[in-house]
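Subject: Structure for your review

Dear colleague,

Please find the structure below, handed over for your use.

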Amino acid sequence: MFSSVLSIIARYFLLAATAITVENAVLSRAVGVSRLLDLVDDTYDTTIFSILLGVCTTLSGVMYYFIYHLFLANFRYASYIRPLSLVVCMSVSYLIVMLLTKNFASHNNAAKALEVLPLAAFNCTIAGTVLLSTKSGFDLIEMIIFGIASAFGFTLAVLMVSEGQRKLLGRDMPAAFRGLPSTLLYLAGLAMAVYGLTGHTFSL
Amino acid sequence: MAGNKSRLVRTPEERFRNSIFLVNNPVLIEGLALAPVVAAALTLRYAIVLAITGATMIFFTRIAGNIIIPSVAPRFRMLTMAFLSAFAYIPAAYIFRHYFALDATNVGIYLPMIVVDGIIISRASQSGREKIGRSVVVAFKTAFAYSFVIILVGFLRELLTYNTIYGLSVHLGFKMSIFGTTAGGYILVALLAALFQALSSDYKRYVSSEVMRDV
């Protein structure tokens, strides 16, 4: 019994570690890059956004899990309404988080959180994480762990890019490469490191 | 209104604002829709699928958003845009299956993911209502700019990685398999972004010098 509990814990731990590193949303699948570019160099916004992203990803994932298994899996036209189902889940999670934030967060934090919440609730990171979890056949607990770990992996990518930007700022760089091009090249370097770790690319 | 004035009468700022393909390219300058471009546009065929889906959704969602969004409370604009986009996805997915004989799932999670991409739902952040004519022109330009970039990236990646164009062999003499990975996608898009940034700066300098000459 003890060994089976340990093996379950190990499996979930590996899943989380995979979501943060090898299957990092930004570095392996280029998901959420637009949001990352907005958050670089703003620690406060990044913290709030990351917390909201983790909560919204988890809630959306749980809801989509039930919708998929109860309805979409055996529905002939599922591929047409899959995004609509996902948007419904994101919308419900958005409304839940909005209500919780208004009622339980402090005034300053609530104002900032509500400003950032639409971006945190509707983005490719959540869509990519939920769709990937479904495609991989995760059960409910695995989906929750993968969602939280993906949000954490996204935050890690933001912090790494912020640090890289700080180092690049002082460099003598051609004008054409300042801003987005240099950030993308920096992400390419990090993505290559992940590719070197896994030794293969991911199927779509 | 900028669209009715002669090009010489428009201020440089108006000309820069209207330049969606070059100065305000949604992918290479503003950094939107990078997920499908960097990770999914591995071949020209995939790129065409993503381009047509994305362009259809961008076009119809932006026009519908221009009509509906200004009437919606700010807190629910992003939600409204996401729903508009999800509904616009249905006919786009139908077109592939019935007219292009392509299975949309071949591009994996990136096709349904376009529904909540910033290039589509970013319209939610603009509160003003544009005239319908201008809205159509802007939507078309945005859709064209996105399609151009993704097809160019797909074409180059297939050529460099597999030495093929739409599955047909081309003799290049070398292959660079790095461009078949996400890292290679980042590198290629970064180089194109640098090119567009340089061209955009030259264009701005040229337009500003034109104005100075007229003054």
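The structure, which is a predicted model, holds 7 salt bridges over all chains. One of the residue pairs that meet the salt-bridge criterion is Lys112(A) with Glu115(A), where the closest N and O atoms lie 3.8 Å apart. These two residues are about one helical turn from each other, because they stand 3 residues apart in helix α5 of chain A.

Interface of chains A and B

On the side of chain A that touches chain B, at least two residues each are supplied by α2 (33-39), α4 (78-104), α5 (107-121), α6 (124-135) and α8 (180-198). The largest share comes from α4(A), with 14 residues. By class, this side of chain A comprises 37 nonpolar, 7 polar and 6 charged residues.

In total, 50 residues of chain A contact 53 residues of chain B. The area buried between the two chains is about 4100 Å², and carbon and sulfur atoms give 76% of it.

Helix packing within chain A

Two packed helices are described by the angle between their axes and the distance between the axes. Two pairs, both involving α7(A), are reported here in those terms.

For helix α1 (residues 2-20) and helix α7 (residues 140-169) of chain A, the axes come within 7 Å and cross at roughly 35°. This crossing is right-handed. From α1(A), the contact is made by Arg11(A), Tyr12(A), Leu15(A), Ala16(A), Ala19(A) and Ile20(A); the residues of α7(A) include Glu142(A), Phe146(A), Ser150(A) and Leu156(A). The contact of α1(A) with α7(A) divides into 11 nonpolar, 2 polar and 2 charged residues.

The axes of α6(A) and α7(A) are 10 Å apart, and the helices pack at an angle of about 145°. Here too the crossing, of α6(A) past α7(A), is right-handed. In α6(A), the residues Thr125(A), Thr129(A), Val130(A), Leu132(A), Ser133(A) and Thr134(A) take part, and they meet Met143(A), Phe146(A), Gly147(A), Ser150(A) and Phe154(A) of α7(A). The contact of α6(A) with α7(A) has 5 nonpolar and 6 polar residues, with no charged ones.

Yours sincerely

Methods:
Residues numbered from 1 in each chain as written. Chains lettered and ligands numbered in written order. Predicted model: local features only at pLDDT ≥ 70, side-chain atom pairs only at ≥ 80, totals over all residues. Heavy atoms only, no water. Contact = heavy atoms within 4.5 Å. Buried area = accessible area lost by both parts, 1.4 Å probe. Helix = DSSP H or I, 4+ residues; strand = E, 2+ residues; numbered from the N terminus. Nonpolar A, V, L, I, M, F, W, Y, C, P; charged D, E, K, R; others polar. Axes fitted to C-alpha atoms, helices over the stretch in contact; angles between N-to-C directions. Left-handed = near helix turned anticlockwise from the far one by under 90°. Salt bridge = Lys/Arg side-chain N within 4 Å of Asp/Glu carboxyl O.
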